[in-house]
Number of protein chains: 4
Amino acid sequence: MFVVMKADANARQVEGVIQVVNEMGLCAHALPGAKRTVIGITGNHSPLDPSRFDRLPGVEEAIQVTKPYKLISLEMRSEKTVVPVGDASIGGDELAVIAGPCAVETREQTFAVAEAVWRGGARFFRGGAYKPRSSPYAFQGLGEDGLKILAEVRERYGLKIVTEALDEHGLDLVERYADVIQIGARNMQNFSLLRRAGRSHLPVILKRGLSATLEEWLLAAEYIMLEGNYNVVLCERGIRTFSDHTRNTLDVAAVPAVRRLSHLPVIIDPSHAAGHNYLVLPLAKAGVAVGADGLIVEVHNSPRQALCDGAQALTLEQFGRMMSEVRAMHGVLEPLAAA
Amino acid sequence: MFVVMKADANARQVEGVIQVVNEMGLCAHALPGAKRTVIGITGNHSPLDPSRFDRLPGVEEAIQVTKPYKLISLEMRSEKTVVPVGDASIGGDELAVIAGPCAVETREQTFAVAEAVWRGGARFFRGGAYKPRSSPYAFQGLGEDGLKILAEVRERYGLKIVTEALDEHGLDLVERYADVIQIGARNMQNFSLLRRAGRSHLPVILKRGLSATLEEWLLAAEYIMLEGNYNVVLCERGIRTFSDHTRNTLDVAAVPAVRRLSHLPVIIDPSHAAGHNYLVLPLAKAGVAVGADGLIVEVHNSPRQALCDGAQALTLEQFGRMMSEVRAMHGVLEPLAAA
Amino acid sequence: MFVVMKADANARQVEGVIQVVNEMGLCAHALPGAKRTVIGITGNHSPLDPSRFDRLPGVEEAIQVTKPYKLISLEMRSEKTVVPVGDASIGGDELAVIAGPCAVETREQTFAVAEAVWRGGARFFRGGAYKPRSSPYAFQGLGEDGLKILAEVRERYGLKIVTEALDEHGLDLVERYADVIQIGARNMQNFSLLRRAGRSHLPVILKRGLSATLEEWLLAAEYIMLEGNYNVVLCERGIRTFSDHTRNTLDVAAVPAVRRLSHLPVIIDPSHAAGHNYLVLPLAKAGVAVGADGLIVEVHNSPRQALCDGAQALTLEQFGRMMSEVRAMHGVLEPLAAA
Amino acid sequence: MFVVMKADANARQVEGVIQVVNEMGLCAHALPGAKRTVIGITGNHSPLDPSRFDRLPGVEEAIQVTKPYKLISLEMRSEKTVVPVGDASIGGDELAVIAGPCAVETREQTFAVAEAVWRGGARFFRGGAYKPRSSPYAFQGLGEDGLKILAEVRERYGLKIVTEALDEHGLDLVERYADVIQIGARNMQNFSLLRRAGRSHLPVILKRGLSATLEEWLLAAEYIMLEGNYNVVLCERGIRTFSDHTRNTLDVAAVPAVRRLSHLPVIIDPSHAAGHNYLVLPLAKAGVAVGADGLIVEVHNSPRQALCDGAQALTLEQFGRMMSEVRAMHGVLEPLAAA
């Protein structure tokens with residue numbers, strides 16, 4: 001059930017509804033919007049009676065939920081969520097660019113890339129300290145040592161750190177060093193990890209699973225939000241199909257399709273979709289064209305030496321070119337979209 | 001084998017090589033480029049000896065083919081092919097927009113849409129007279145009567161007519177009335193139809209099959225070119241995947257991936273990929289973003305009454321908006337791409 | 001609409017209904033069943049009034065069609081269709097085995113394989129005279145010369161000839177020499193070819209398209225039946241998926257799923273699904289296990305020298321082993337299924 | 001590297017090799033086979049020099065690994081692994097049948113199903129106490145209470161308990177109550193969970209991910225084995241494709257394809273592939289036909305009331321029928337396969 005507050009409802013009235021919900025042994029999720037606050041109610045095992053809520057002070061109406069999800073939906077919040085990350089954000093007017101190497105390999109490599117990312121004007125730095133590799137014999141990441149290098153990058157360049165957590169223990173550490181937690185495609189339905197991320201104070205980037213439907217992806221976000229963390233960013237990174245000229249097939253339509261259902265920001269990962277360096281720039285532009293709120297791309301100072309995913313990494317120079325092209329595009333498209 | 005002519009080779013020398021090829025019982029395909037002419041040789045059942053050609057007057061070198069295709073490849077022609085369609089073209093600097101209803105239903109409907117397409121500034125009009133429908137009980141198109149209506153549209157608005165041929169007999173008729181032959185996704189590997197289109201004097205738009213790899217699609221184009229028709233335009237229209245929020249998954253990466261292998265122009269069909277009206281504009285923009293040479297979109301004056309694919313048709317108003325947005329984008333991207 | 005005749009309706013009463021249908025400008029399809037005849041009515045553009053039919057002599061009831069197909073459905077005929085092919089058949093108690101080389105290459109090769117097929121006890125011989133090849137540079141088949149060799153095989157061994165037609169012209173020739181027309185996966189939605197096959201007196205094997213849903217496949221069969229040819233056999237041959245250890249993914253569930261909707265027999269092509277010789281026998285057995293009415297397999301006397309699909313061809317010896325294993329299985333399963 | 005011991009090598013010689021490996025800071029995995037023991041060496045970051053090993057006492061030869069996996073491969077153990085589960089086993093001559101409800105709902109329901117499973121002659125009982133559900137609002141399982149009910153079932157019927165662990169904490173509990181740990185499809189690349197299962201003393205059933213290639217699946221098993229748990233059973237449960245008449249597409253070819261590469265047993269889950277009750281029996285038989293070592297099926301005493309996946313559950317009666325049919329088939333096929 002959604003309890004929609006009146007436009008002029010005050011904090012005490014919102015609090016009053018929450019208290020009623022709590023007294024019923026249920027959970028209240030209050031998301032303030034530009035015009036009004038909506039309170040999502042979860043935890044009930046059968047439909048609730050709207051009359052329990054719609055006469056409470058400050059309540060406009062109580063609405064039954066008809067979709068399989070509640071908190072991610074536009075009924076819950078009609079305007080797009082802007083996820084704050086310190087003095088930066090994802091989901092606002094500016095295109096959020098998250099760039100960096102697949103894996104943190106060494107301090108030198110990481111700083112060389114970070115310098116270029118910073119010069120290019122991106123606000124976010126990515127880099128894996130824990131790598132989910134298909135083979136147990138492949139490089140698995142530097143672990144906490146990698147996280148420490150990332151923290152140094154933030155110190156030096158002021159870039160916000162985005163890094164992946166593979167399990168609950170790793171998430172504890174990521175929380176200590178990073179600004180944004182990334183949940184990878186292979187973990188999109190690792191529900192224990194989602195719940196743990198939902199109890200974090202950090203924003204979460206949730207990648208779409210390789211074979212996840214839109215609904216499954218949104219429900220995975222719902223798992224996170226249910227625990228009280230409403231700062232979720234969705235990330236389309238390509239799906240697995242028969243098509244073999246790319247590593248994955250970037251499903252650009254997912255961006256406007258999510259927008260029609262959810263208030264959550266959506267970003268695009270052109271690198272993992274492409275699998276080949278030369279395809280990253282066009283796919284990044286396609287992402288901007290469909291209205292993505294940001295991009296997450298892999299950049300390496302020496303792709304041929306990369307310990308992971310070198311084939312799809314942009315060189316520092318290519319990254320610079322990408323930044324100028326996507327900015328030019330975004331500058332043209334933003335006003336059109338707003339019109 | 002490719003016989004690459006010298007930059008200053010004259011027409012007589014080109015003719016000389018062709019004559020040698022013909023005398024060997026083989027087939028010569030001469031494609032003049034900006035700098036030089038390349039002659040593709042087909043019809044051989046085993047590798048040819050380069051020494052048969054590389055000492056002929058005007059020949060720079062004779063090169064063995066290493067890829068599964070010849071005529072579509074960048075080795076054959078290094079610059080992009082511009083397919084001329086009367087005073088318009090596909091593959092040049094201008095974005096080619098092909099718009100119109102899924103099916104020609106009535107003269108009134110067709111003209112209502114054509115008026116809007118023309119006002120919007122598109123140069124090409126699409127409309128099906130022969131419809132490949134999954135069900136034999138669905139509307140199959142008006143046949144030759146539909147083609148006549150399309151010819152009237154050309155007469156009135158000067159729009160170039162693009163329409164689908166389903167079989168060899170239909171192609172005879174399409175040739176009589178239209179400017180560009182469309183081969184649909186379901187017929188991408190209808191090799192008899194491809195060969196017949198290869199003997200036509202009209203350009204051919206070849207849609208990618210629902211589950212075709214890039215290589216299969218390019219080889220289908222090779223079938224057409226082998227018969228002597230070099231004016232082939234490839235069209236990405238979405239592939240079939242598990243993803244269910246769109247009718248098909250638009251594989252935007254196909255555009256730059258084809259570009260890396262072939263000189264043929266590539267356009268995007270956002271309508272069949274989307275399946276839903278509201279997704280067409282973002283997908284059209286994604287197509288422009290990845291560098292497509294054009295768009296083919298479905299427009300209807302009354303989508304709810306459409307006899308075919310109404311859910312994905314743009315209204316006349318939406319079409320106008322699409323034209324202004326994609327033009328604005330193309331204006332920004334073209335100079336960047338050229339840079 | 002289906003007009004269900006009474007169990008004791010006589011031929012004159014059936015004829016009477018057909019006449020009424022014809023007088024309405026519609027088309028009647030009478031399929032006699034074990035207990036009663038059902039007449040399918042097609043050609044109407046809007047729903048028919050049952051009262052036009054249910055009082056005619058011999059009529060039990062007239063039923064509105066609620067599914068997208070009519071003639072293929074169990075409402076039209078409740079028991080399975082047995083397609084007669086001379087003194088053999090497909091769909092009856094016996095497992096129909098169709099075996100032979102991918103392509104007719106030479107008289108010698110063809111006879112060598114035919115000898116083994118005949119010795120193995122199969123009743124049907126397959127071999128392509130017209131090959132749908134992805135590449136125009138690949139072997140395209142011997143054409144009519146190949147058909148003549150096939151006709152000789154029938155002469156010598158009494159095997160029924162199954163061979164593919166790629167277009168309407170080829171179908172004219174196939175009709176002249178063969179016993180069963182095969183429509184390949186790439187042509188499953190070549191509607192002109194389907195209609196032409198529907199006007200043939202020969203039975204048709206309709207392969208499922210690489211990315212066809214069950215409904216699309218059944219509707220393709222409906223195209224054939226609508227023209228009056230009710231002897232259609234469906235063939236599952238694997239679908240295109242991301243899975244790369246086989247050429248295609250054999251969708252064995254398609255057999256019982258078709259059975260729940262349609263009276264048409266269904267066979268399995270394990271060779272094209274497998275793509276590798278060693279997988280053909282297990283997939284053939286899987287086909288028998290799910291209740292397929294037959295198998296169509298590729299056999300070659302010298303797979304390494306095969307001009308087409310050698311990797312998936314059974315050797316003559318492997319074919320012998322397959323025959324004994326599938327017969328043993330079929331012997332156990334048939335009584336269970338009947339129970 | 002594999003160190004292949006001589007047929008007559010004694011335990012001390014095997015121990016000697018292991019000691020050398022350990023002294024190099026590497027890890028030794030000794031798998032005794034029918035004829036000889038092979039010792040897999042892992043932990044090296046660059047290729048090892050065979051001469052370090054091939055002159056050690058009892059060593060036949062040291063072989064470089066050329067495939068992406070080691071421990072799962074036939075090079076490591078040439079005969080099939082038989083996974084012991086108390087007095088039962090998976091991978092031996094007998095078909096292992098694992099049956100039970102999707103979820104443990106109540107003691108009554110669980111015992112009603114267990115009674116039928118036991119009467120049917122199956123040796124293993126399945127039932128979820130922790131359910132990975134796409135929606136956080138769906139029934140998530142009874143947790144430890146469910147595990148306790150399962151333990152009672154073992155007590156009463158002597159059935160071996162197979163149940164899923166969703167995370168490391170859950171695995172601790174599953175280990176306490178169950179006989180076999182199941183890792184679900186969504187967790188196939190939850191590498192932390194795989195490693196934890198690799199440190200368990202219980203056998204592990206590893207389901208194939210919805211979009212996992214064969215190689216990814218085998219590498220996931222390698223993650224488990226690397227930690228020292230060699231009792232891994234692979235489970236094919238259908239992959240995600242465009243095909244919509246089943247919940248997933250059962251990839252039966254995966255069984256013989258795995259067999260060609262690995263010594264691990266493979267079972268089939270027809271229930272999750274089918275998604276519909278009526279398809280379970282044919283898919284189970286297809287699994288037996290391709291040589292699966294076992295089946296895992298969902299059975300419910302009242303499918304319509306099931307809290308989870310009722311549509312695909314067999315009734316108790318259908319389960320009985322399945323048991324008799326698959327046994328009859330297995331009885332015919334086993335001797336053939338052995339021949």
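The following legends describe views of a predicted model.

In this predicted model, local features need pLDDT of at least 70 and side-chain atom pairs count only at pLDDT 80 or more, whereas totals for chains, interfaces and linings use all residues. Residues are numbered from 1 along each chain as its sequence is written, and chains are lettered from A in the order in which they are written.

**View 1. The closed barrel of chain C.** Two strands count as paired if DSSP finds at least two bridges between them. Neighbouring strands of this sheet are turned by 25° against each other on average, direction ignored; axes are lines fitted to C-alpha atoms.

**View 2. Strands β9 and β10 of chain C.** Strand β9 (residues 160-164) pairs in the parallel sense with strand β10 (residues 180-183) over three bridges. V162(C) has V180(C) in β10(C) as its bridge partner.

**View 3. Helix α6 of chain C against the sheet.** Helix α6 (residues 214-226; helices are DSSP runs of H or I, at least four residues) packs on the sheet and touches β11 (204-207) and β12 (232-236) of chain C. Contact requires C-beta atoms, placed from the backbone, to lie within 7 Å. The direction of helix α6 makes about 155° with that of β12(C), with angles running from 0 to 180 degrees between N-to-C directions and helix axes fitted over the stretch in contact.

**View 4. The interior of chain A.** Chain A has 10 helices and 14 strands. Buried residues (20 or more other C-beta atoms within 10 Å of their own, C-beta atoms being placed from the backbone) make up 58% of its 339 residues.

How values were computed
Helices (H or I, at least four residues) and strands (E, at least two) are DSSP runs, numbered from the N terminus. Two residues are in contact if their C-beta atoms, placed from the backbone, lie within 7 Å. A residue is buried if 20 or more other C-beta atoms lie within 10 Å of its own, exposed if 12 or fewer, and partly exposed in between; C-beta atoms are placed from the backbone.
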